[in-house]
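Here is a short report on how one protein chain packs. Look over the model first, then read on.

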Amino acid sequence: MAHLADHGKRRCRWVNGPLVVGAGPSGLAVGACLKEHGVPSVILERSNCIASLWQSRVYDRLKLHLPKQFCQLPKLPFPEDFPEYPSKNQFVDYLESYAAHFQLNKRFDETVVSAKHDNTCGMWRVRTCVGRHGSRGRRNEVEYICQWLVVATGENAECVVPEMEGSEEFGRQVMHTSDYRSGEAYRGRQVLVVGCGNSAMEVCLDLCHHNAFPTMVVRDAVHVLPRETFGRSTFELAVSLMKWLPVKLVDKVLLISSWMILGNIEKYGLRRPSLGPLELKNTQGKTPVLDIGALQKIKTGEIKVVPGIKRLLHGRAELVDGRILDVDSIILATGYHSNVHSWLQVAFPDGWKGGSGLYAVGFTRRGLSGASMDAVKIAEDIGRVWKEETRQAKRITACHRRCTSQN
């Protein structure tokens, strides 16, 4: 960052290199890859820490769903002594050491308000509000001017909270999984968990371990696969098979092996989608559940499965099939969505690269490995331009010096 000036009440900063929005794994990966190409960058983060989702909005028992070799960021692997599925705290420690190793330039507590490309000067103008609450007072605004803008806020920026009829009448606790930490506070309570993804399954399992009584609301079809297939990571098996077989055939292999290991899950109220797990992930972004024990609890009845909620009553929930359940608490495992549309004032790129120096990382629905691949591509693309512009600047400087010396 080379320049700081005041324009009225808004500070203006020139960024020498790309501006990266988001200090999660995607943003850190881009910053590290850029540094390897000799390109400086500035990373903006609206929270007061890196990887705020992992540090502040996930439950205690969370572990990586995939083996660590598929979750490590570019240029720096996990420590060898880490287990195959690192815990939440281990992953955060890894990210902290990653940022420190590459000495990334991070600015916390800055929320991006708008980003637009100024065609007149060919630069990006990115406005932010400084402060943990994103105060929009004029004196708290900063405008960044940069040649490249990298959007790394990810697909999990904002909680999805569905509207439920009767919620004002319910009179009991309703929270999103982003606020759930442990089942300790739910001992002996009837808990309705809305959702059937990995988070919903793991929260239900955690509630069981703390002697609560979870009921999972399953509104959609879902693929449940074993985390390991015949002693090998199911994901690793799928990646290996896709090198030789088409996706639909790999899906058949996964479903057959899943049936052999897990049995017929449909008799427990878990309908499988018509598309296979990989095809569904590729076309709709829906991730299959990798079972770590919740399915056995469903089979024994410790986790009950019910259809959708029709409406909430006082301390109860009426289901679409007419049943009425007593409920002490509701936990919404309803996922997250991106917030880019609220501040990016141009069309979002379809892939990792857009126009006018705009890039996106972590939006291809391919997890941490996909984000890492995008980060490498972005850094290479920017690095080529950076090196060419640097060479031109050196030639201009050399010419200027010769002319000066001759006068």
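Buried means under 20% relative accessible area, exposed means over 50%, and partly exposed lies in between, using a 1.4 Å probe and protein chains only. Of the 407 residues in the protein, 48% are buried.

This is a predicted model, where local features need pLDDT of at least 70, side-chain atom pairs count only at pLDDT 80 or more, and totals for chains, interfaces and linings use all residues. Residues are numbered from 1 along each chain as its sequence is written, and side-chain values use heavy atoms, with hydrogens and water left out.

**Overall layout.** The protein has 10 helices and 24 strands. These are DSSP runs numbered from the N terminus: helices are H or I with at least four residues, strands are E with at least two. The C-alpha atoms fill a box of roughly 90 × 55 × 40 Å along the principal axes. A contact means heavy atoms within 4.5 Å. Among contacts with a separation of 6 or more, 66% join residues 24 or more positions apart.

**Nonpolar cores.** A nonpolar core is a set of buried Ala, Val, Leu, Ile, Met, Phe, Trp, Tyr and Cys residues joined through side-chain atoms within 4.5 Å. The largest one has 70 residues. Leu28, Val193, Leu207, Met216, Leu270 and Ile331 have the most contacts inside it. Elements giving two or more residues to this core include helix H1 (25-36), strand E12 (190-194) and helix H10 (367-406). A second, separate core of 20 residues includes Leu19, Leu44, Val142 and Leu149.

Leu28 shows the packing in detail. Leaving out residues up to four places away in sequence, Leu28 touches Ala23, Ile43, Ile50, Leu73, Leu95, Tyr98, Ala99, Leu104 and Lys106.

**Aromatic residues.** The structure holds 12 aromatic pairs. Rings of Phe, Tyr and Trp (its six-membered ring) pair if their centres lie within 6.5 Å; planes under 30 degrees apart are stacked, over 60 edge-to-face, and the rest tilted. The rings of Phe78 and Phe82 have centres 6.0 Å apart and planes at 35°, so this pair is tilted. Both partners are in the table.

| Residue | Relative accessible area | State |
|---|---|---|
| Phe78 | 7% | buried |
| Phe82 | 15% | buried |

Phe78 and Phe82 belong to one aromatic cluster with Trp54, Phe91, Tyr94, Tyr98 and Phe102.

Which residue lies over the face of Tyr85? Arg227 does, at 3.8 Å from the ring centre. A charge sits over a ring if NZ of Lys or CZ of Arg is within 6 Å of the ring centre and within 35 degrees of the ring normal.
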